[in-house]
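Hi,

Here is the structure I promised to pass on. Please have a look at it first, and my notes follow below.

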Amino acid sequence: MLNRFTLLQCKEVINICDGSRLGYVGDVEIRIPDGEVTALIVFGPCRFFGLFGRGEDYYIPWDCIERIGDDIILINKMPRRCEPSNERRRRRWF
């Protein structure tokens with residue numbers, strides 16, 4: 001099956017263990033020497049209309065993916081949450 005990253009971004013990720021919708025694919029992790037995709041990263045939900053940043057991101061290893069369909073990606077395990085990187089952190093004005 002041949003997929004481009006832009007096609008993966010249009011697919012919603014759903015956990016079949018509890019039926020929760022995690023969101024849409026935002027990024028992929030690739031092992032450079034092999035050219036192998038190792039994980040999908042789903043960005044967390046926006047907080048208060050996006051004014052207070054986003055929630056935690058989900059890191060989904062490639063082993064957890066059960067099926068990739070036309071519209072959705074089904075995963076079998078609960079993904080772990082990623083710590084936001086320094087690039088994505090924003091200063092809070094209090």
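A word on burial before the details: a residue is called buried under 20% relative accessible area, exposed over 50%, and partly exposed in between, using a 1.4 Å probe and protein chains only. Please keep in mind that this is a predicted model, where local features need pLDDT of at least 70 and side-chain atom pairs count only at pLDDT 80 or more, while totals for chains, interfaces and linings use all residues. Residues are numbered from 1 along each chain as its sequence is written, and side-chain values use heavy atoms, with hydrogens and water left out.

Let me start with the charged pairs. A salt bridge here is a side-chain nitrogen of Lys or Arg within 4 Å of a carboxyl oxygen of Asp or Glu. The structure holds 3 of these salt bridges.

One of them links Arg-21 and Glu-12, with 3.9 Å between the closest N and O atoms.

Through shared partners, the salt bridges join Arg-31, Asp-34 and Glu-36 into one network. Asp-34, for its part, counts as exposed at 53%.

Now to the strands. Helices (H or I, at least four residues) and strands (E, at least two) are DSSP runs numbered from the N terminus, and two strands pair if DSSP finds at least two bridges between them.

Strand β2 covers residues 21–31 and runs antiparallel to β3, with 6 bridges joining them. Within this pairing, Val-28 has Leu-40 of β3 as its bridge partner. The two strands form a hairpin with 4 residues between them, and Gly-35 in the turn has a positive phi of about 70°.

What about β3 itself: how many of its residues are buried? For this strand, residues 36–42, the count is 5 of 7, which leaves it mostly covered. β3 also pairs with strand β4 (residues 57–61), again in the antiparallel sense, over 4 bridges. There, Ile-41 stands opposite Tyr-59 of β4.

Best wishes
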